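Biologist: I'd like to go through the charged and aromatic side chains here. Could you take me through them one at a time?

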Amino acid sequence: MTNTIDIRDAQASDAKTILHFINELAIYEKEPQAVKTNEQAILDTLFSEGATAHSIICFDGDEPIGFAVYFYNYSTWLGKNGLYLEDLYVSPDSRGKGAGRAIMKHLANQALNKNCGRFEWVVLDWNKPAIDFYDSMGAKPQNEWIIYRLTGQELIDFAK
């Protein structure tokens, strides 16, 4: 019996599952201590009225095996929204079943359905399996861009 990969929009009842995947992703990315969120914050930011971020859950049969969080940004040059993938994660024991590709295809179709001009994400430079996966899809790295970030005390200090 073969299970099938299914993807659906996340629901508020998925907050605990999403938090579980966030923690697994943080461990994989060697930063488990960086997770500061909790179920209530996930409910407030992904499922409240006016939420600007969205999530999907990937299943193998009835088993949740992965998730993605995304939001829409805007390209002034294209004059269109873009879909930005914040996080994509598939549990290690479920990799190789096509779940990651199914999630990416689902989001690519979401971008097309919303008339987005692009679909973007970032990947850690040491994450060779992910880089190889994205290369296999035909995605192109944008090496000329450097990500800058203000967070925590630096953000507070700058905003004053």
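This is a predicted model: local features need pLDDT of at least 70, side-chain atom pairs count only at pLDDT 80 or more; totals for chains, interfaces and linings use all residues.

Biologist: Okay, how many salt bridges does the structure hold?

Modeller: Going by that cut-off of 4 Å between nitrogen and oxygen, the count covers the structure. The salt bridges number 5.

Biologist: Take R8 and D14: how far apart are N and O in their salt bridge?

Modeller: The two side chains meet, R8 giving the N and D14 the O. A salt bridge needs these atoms within 4 Å, and the N to O value for R8 and D14 is 2.6 Å.

Biologist: And which of those two is buried?

Modeller: Buried means under 20% relative accessible area. R8 comes out at 28%, so R8 is partly exposed. With a value of 7%, the buried residue is D14.

Biologist: Which residue forms a salt bridge with E120?

Modeller: E120 is partly exposed at 28% relative accessibility. The closest N and O atoms are 3.8 Å apart, and the partner is R118.

Biologist: What about K160, is it buried or exposed?

Modeller: K160 forms a salt bridge with D157, with the closest N and O atoms 4.0 Å apart. D157 counts as partly exposed at 42%. Over 50% counts as exposed, and K160 has 77% relative accessibility, so K160 is exposed.

Biologist: On to the rings. How many aromatic pairs does the search find?

Modeller: The search takes in the whole structure. The number of aromatic pairs found is 8.

Biologist: How are the rings of Y70 and Y72 arranged, stacked or edge-to-face?

Modeller: Their centres are 6.0 Å apart and their planes stand at 90 degrees. Y70 is buried at 4%, whereas Y72 is partly exposed at 26%. Planes over 60 degrees apart count as edge-to-face, so the Y70 and Y72 pair is edge-to-face.

Biologist: Which residues do ring pairs link into a cluster?

Modeller: Ring pairs join up here, giving a cluster. The members are F119, W121, F133 and Y134.

Definitions and conventions: Residues are numbered from 1 along each chain as its sequence is written. Side-chain values use heavy atoms; hydrogens and water are left out. Buried means under 20% relative accessible area, exposed over 50%, partly exposed in between (1.4 Å probe, protein chains only). Rings of Phe, Tyr and Trp (its six-membered ring) pair if their centres lie within 6.5 Å; planes under 30 degrees apart count as stacked, over 60 as edge-to-face and the rest as tilted.
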